[in-house]
Each structure stands twice: as structure tokens, then as C-alpha cells.
Amino acid sequence: FRTLDDQGNVSGGPMYYITHGFSGKWQTIAKPLAYFFAFAGVLVAWLGIGTFSQVNSITASLQNSFDWSPKIVSIILALITAAIIFGGIQSISKVSEKVVPFMAGLYILAALVVIFTNFNQLLPVLEMVFQSAFTGKAAVGGFAGATVMVAMRLGIARGVFSNESGLGSAPIAAAAAKTEEPVEQGLISMTGTFIDTIIICTLTGLAILVTGQWSGSLEGAPMTQAAFSSVFGTFGEIALTLSLVLFAFTTILGWSYYGERCFEFIFKSTKFLPLYRFIFVVMVALGGYLTLDVVWKIADIVNGLMALPNLIALLVLSPIIIKETKSYFERHK
């Protein structure tokens, strides 16, 4: 259901497959739901995953490693972001395609070294994970004694940050891919969830657990840094800081694009995009002035707003997904 905008660029995502995909009794809610998604998408880009949470990770890790001021770092980040996003999607993709594979490979390798260095702790840690999964320990980070429901809510909310499954952001990027097969692109997009969560997040969690950092006073990026520095020393902390900065910064760039497409859908034109980009850059600059607790609360609210219309759309359009998938595999036997 992707379309071309007034500049000839491909636009797609939930706002388009809701508008053009809903039929019959669902048509009456299609447009309101699509606009609701687009509005929420802009909010997530400005206030959630796109800016505050990423800037907070970057500033916290740089402050922990080099004692750099979060406020100054966030302003520098804003200036760099402005230089890139005002250059358009090509500059975003050029930066990301070179940086992401390298940093992911380096990070995975380092995490494996940390885990195998503490190999004797691996089995006890796995046993603890399964024993604690349905107790208050599962929510130990400031939520000791929380119920299973609260632990699950927090787990799902944080899981969205690792892979954005169900949020509706990935289809916006997938729509711009040069392919005529939606199912093929869907299969490729699925690898993102696998790499982000099953590989990188699992290795990160295990590294924090086997080194014992999970029960310390640190939180967020500094906790991961402490786990890596326990094996690699200062060099490991610096290398991890670089990886975290690159992970978070490329996410900022990606979300600037997602938000643009949502903003463009609302106003049916690209002429207002400079305004969107200006506000986005300002939000990046403000990211270093907020505490981690405030960042999570804002992000969780806007994430929920964005996921709701997309999850409704996935249920409504599931017959089309099944039909397309069967057709694809029949044709490619």
C-alpha cells in the first residue's frame, strides 16, 4: 500500500495500509485511525525512542566514561543530527549502512568474551533467571516486590525499545526498499527482531548477570559499561561507550525519517518538513536535561499510543497477510 509523495519519494507504513487496506465495515474508522497513528508516530519521534531515550543513553555513557556534561553532549548531538537530517534520506542511509554492521559485530564479539570469561557463572545465572521469572526479583530494578503483572508490563515496554515489534515503525522503512515482493521484505525485516533481541539483548543481559552488575547501584548504559570493563578494563569501557553512542545515534537518525513520513502524511505535503526537522533537533538538544525516570515515562506513554492503532490494523489486515504469504511461497516453490 505504499505511495509516492510530491517529491517522488516512496512513502508507506501503517498510516497507508490502514487508509488503503481497510474495507467493508472497517472503512469508517480507517482515516481517524491512520491519522491517530501518524500523530502518535510524530510524538514517538520527538519525545520517545527517537530522541530522549537515545540521547539519555549517549549522555549517560559518556558521562560515566569521560565525565562529559550531558547538557553539552546533547547540544553537540543536536548539531550533528541537524547536519545529517537536513541532507535527506540518502545521507541517513549512507551513515547507517556503514556504521551499523560494524558496531553490531564488534558488540556481539565483546559480549561473548565477557560471558565466556565468566563461564562458571553461566549455569547458576540461567537457573536464577528461570527461578526468578515469576517472582518479585524479575522487577528488581527499582520495583522490588512488584507483581507478575507489573514485571510483564515493564518487560513488554522495554522489549519494544529493543526491536519495535508491533509499533509500526519498521514498515515505514520497509516501504522504501527496492522490492516488488512485500512478503520477501517482511521476511528480511524479521531478521532485525532476531538480531536486536534474541542475539544482542540476550548477550547484553547475560553479560550483566554473569558479572554480577545487575545487583549493583548502576542502571542503564553505565551498568552495561561496568560489566564490560570488569573483563576488558578501561579499554573495554571506552569501546563499549563508542558502540552505545553509535547504536543510539543511528536510532536517532532512523527515527527522524519515521517521524518525517508520519508528519508528511498528516499535512499531505513535504513543504512543512523543515519545521518537523527543526523541532526534532531541538528535542535532541533537550534530551540531556532529563532524568532517566522521566525519559522512560514519556517514552512508554507515546509508544503505547503508537502501537495501539497498528496492532488493530495487523488484526484487521491479517487475511491479506495470510493470502500474500501463501501466494509468495506457492510462486517460489
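**Entry 1: terms for exposure.** I begin with the accessibility classes: buried means under 20% relative accessible area, exposed means over 50%, and partly exposed lies in between (1.4 Å probe, protein chains only). The model is predicted: local features need pLDDT of at least 70, side-chain atom pairs count only at pLDDT 80 or more, and totals for chains, interfaces and linings use all residues. Residues are numbered from 1 along each chain as its sequence is written, and side-chain values use heavy atoms, with hydrogens and water left out.

**Entry 2: the whole chain.** I looked up the overall dimensions. The C-alpha trace spans about 55 × 45 × 40 Å along its principal axes. The radius of gyration, taken over C-alpha atoms, is compared with a globule rule of 2.2 Å times the number of residues to the power 0.38. For 333 residues a compact globule would come out near 20 Å, and the chain's 21 Å agrees with that. Buried residues account for 44% of the 333.

I then checked the elements. The chain has 13 helices and two strands. These are DSSP runs numbered from the N terminus (helices: H or I, at least four residues; strands: E, at least two).

**Entry 3: salt bridges.** How many salt bridges does the structure hold? I found seven. The term needs a side-chain nitrogen of Lys or Arg within 4 Å of a carboxyl oxygen of Asp or Glu.

I looked at Glu180 and Arg2. Their side chains meet in a salt bridge at 3.9 Å, N to O. The pair links distant parts of the chain, 178 residues apart: Glu180 is in the loop between α8 (170-174) and α9 (182-210), and Arg2 is in the segment before β1 (3-4). Glu180 is exposed because its relative accessibility is 73%. Arg2 is partly exposed at 35%.

Next came Arg261 and Asp5. This salt bridge has an N to O distance of 3.6 Å. Arg261 lies in helix α10 (residues 221-267) and Asp5 in the loop between β1 and β2 (10-11), so the bridge ties together parts 256 residues apart in sequence. Are these two residues buried or exposed? Arg261 has a relative accessible area of 5%, so it counts as buried. Asp5, at 11%, is buried too. I also noted a network of salt bridges that links Asp5, Arg261 and Glu264.

Then I turned to Glu181 and Arg331. The closest N and O atoms of this salt bridge are 2.9 Å apart. Here again distant parts of the chain are linked: Glu181 is in the loop between α8 and α9, Arg331 is in helix α13 (residues 318-331), and 150 residues separate them. Glu181 is buried, with 18% relative accessible area. Arg331 is partly exposed at 47%.

**Entry 4: aromatic rings.** I set the rule before counting. Rings of Phe, Tyr and Trp (its six-membered ring) pair if their centres lie within 6.5 Å; planes under 30 degrees apart are stacked, over 60 edge-to-face, and the rest tilted. The count by this rule is 16 aromatic pairs.

Phe116 and Phe119 are stacked, with centres 5.9 Å apart and 10° between the planes. Phe116 is exposed at 53% relative accessible area. Phe119 is partly exposed at 48%.

Which arrangement do Tyr328 and Phe329 have? They are edge-to-face, 5.3 Å centre to centre, with 85° between the planes. Tyr328 is buried, because its relative accessible area is 8%. Phe329 is partly exposed at 44%.

I also traced a cluster. Ring pairs link Trp46, Phe263, Phe267, Phe272, Tyr276 and Phe280.

**Entry 5: a charge over a ring.** The cut-offs here are NZ of Lys or CZ of Arg within 6 Å of the ring centre and within 35 degrees of the ring normal. The charged end of Lys268 sits over the ring of Phe265, 3.7 Å from the centre.

**Entry 6: the nonpolar patch.** Patches take residues with over 30% relative accessible area and no salt bridge, joining like charges within 9 Å and nonpolar side chains (Val, Leu, Ile, Met, Phe, Trp, Tyr) within 5 Å. Areas come from the Shrake-Rupley method with a 1.4 Å probe; for residues, only the protein chains shown count as cover.

Which residues form the nonpolar patch on the surface? I listed Ile75, Leu79, Phe86, Phe278, Val282, Leu286 and Tyr289, with about 680 Å² of accessible area together. Helices α4 (70-85) and α11 (273-286) are the elements that give two or more residues. The largest share, three residues, comes from α11. Phe278 is found in that helix, α11. Phe278 counts as exposed, at 53% relative accessibility.
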